Structure formats: C-alpha cells, structure tokens
Amino acid sequence: MRIDKLLSNMGYGSRKDTKKLLKSGAVKIDDQVIKDGKFHVDPNVETVTVHGEVVNYKEFIYLMMNKPDGVISATEDLNQETVVDLLETEDFVFEPFPVGRLDKDTVGLLLLTNDGKLAHQLLSPKKHVPKVYYAKIDGHVTVKDVEAFQKGVILDDGYLTKPAKLDIIKSGEESEIELTITEGKFHQVKRMFESVDKRVTFLMRIKMGALALDETLRYGEYRELTDEEIGVLFGEGEI
Ligand code: URA
C-alpha cells in the first residue's frame, strides 16, 4: 500500500498532514528515508518508523464499548450523537462501525469494528449467536413468562420468536431479569415483554457470543479487544 495511506490509516492525519511529515524526512521504511507519499510499502515485511518510533500497522480494529443512554448506534447522523462520535481520532481513522444496533436508550456491550467479515458472522441469523441482556421490568415476572419465552412468543407483527432463556434475578413490583436471545429483531426484548403485558424500563446488553462486557468500562468508555477476545469471537468458544 502507499506510504501516505498507511500513515493516515494509522492516525498521522490527513493526506496533507502526512505529506508534510514525509517531506520533513521523519518517515523511514527500514533504514531509508521516504519523502514521496506514493511510495509503496508492505507493512508485513518492511518496518516503518516515524521519528524513529516503529509504526505497528494493523488493518482491522475491534472495539468494545459500554454504550451510554441517548446515543444512537450509527456511524453518522445529521442531528443526533452517534457511538462513532465517542471515539478518539486514533480509532476513528480506522472507520469502525457498530456491529448491529442497540436502541438509543439501551446501554451496554456494543462491538465496533471495520472487519466486515466478523460483523457478518456475528449478525448472520444462521449463526444463532446468543446475546444476553440484563433488564428491569415494570411488574412481576413469573415462571409463566419463563415458559412462554422458552416456547416462543408472538410479537405485535405476528412474528413467532425463537426459544429464549429467561432467568429471573428478582421478581417484584419492579423485576430484574437476564434474557438470552439468538436473533435480533427490531426492539426484540422490549416487544417480547410487551407480548406478556410487561414493560422494559432499563435494558443493558451484557454478552454477545462469548464476549462479555468489561465491567470496568463506564458508560461511553471503550477499549480494544485483546487478541484472546478476538480469537474467541471468531471461534465462538467461551472466555
Ligand atoms: N432489544 C431491544 O428491545 N432493544 C435493544 O436495543 C436490543 C434488543
């Protein structure tokens, strides 16, 4: 790839910025100073340095975010803040996108990547990747609801959901539950509870496939996945 493209992908600024950087003589490929942005480099074979610091090139980025309330799961929007707006420039330059959508008022685990293959794998209905949600529910959640979700419930548009595992953490005037679903219909969790005449008042995704939300991340914070987590996501094992 072109050296100027590699540098801008790695967060060294726009084409104009990288042109300046190259012109200043700060960039070397192996031991040779390179000033021409059109120069081609193979980052897997050659070593690129900027001011003597090695540039560890990577093609893909994998981020785990604890999505906050009030932000939409999109890459851009004219009026509303998006999850991508929350990224640092050094991550934004990789052009990651959210893998699937959480509602504006849903919080928790959101994966962002520029790896279309992984995104497709995780979202494909054929793969049945389980997603686990924690929710607060207005009203008593009962064993009857557990059985109904296990059988599948009919949503407002007539769709019969696949079997889902409902675990009651606390049942009361306000209940707390964990729900595991293997599909991702629009507003699915909220609509499943509507089908049993209950309302979700708080919704947080805590797991996607084998990947669990890092509980040290506060709302709006994110971090790169570890190599182990990336491997697990691709292999769909357990962490
Ligand atoms: N189900 C919902 O209702 N909303 C979400 O954001 C995710 C799953």
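Select Val 196 to begin; this residue sits in the loop between helix 6 (188-195) and strand 11 (199-208). Helices (H or I, at least four residues) and strands (E, at least two) are DSSP runs, numbered from the N terminus. The model is predicted: local features need pLDDT of at least 70, side-chain atom pairs count only at pLDDT 80 or more, and totals for chains, interfaces and linings use all residues. Residues are numbered from 1 along each chain as its sequence is written, and side-chain values use heavy atoms, with hydrogens and water left out.

Is Val 196 buried or exposed? Val 196 counts as buried because its relative accessible area is 16%; buried means under 20%, exposed over 50%, and partly exposed in between (1.4 Å probe, protein chains only). Now show the contacts of Val 196 (heavy atoms within 4.5 Å). Leaving aside residues up to four places away in sequence, Val 196 touches Asp 145, Ala 148, Phe 149 and Val 153.

Next, select His 187, in the loop between strand 10 (174-181) and helix 6. His 187 is partly exposed, with a relative accessible area of 30%. What is the phi of His 187? The value is positive, about 50 degrees, although His 187 is not a glycine. Most residues other than glycine have a negative phi.

Finish at Glu 95, in the loop between helix 3 (89-92) and strand 6 (97-98). Glu 95 also has a positive phi, near 55 degrees. Glu 95 counts as exposed because its relative accessibility is 64%.
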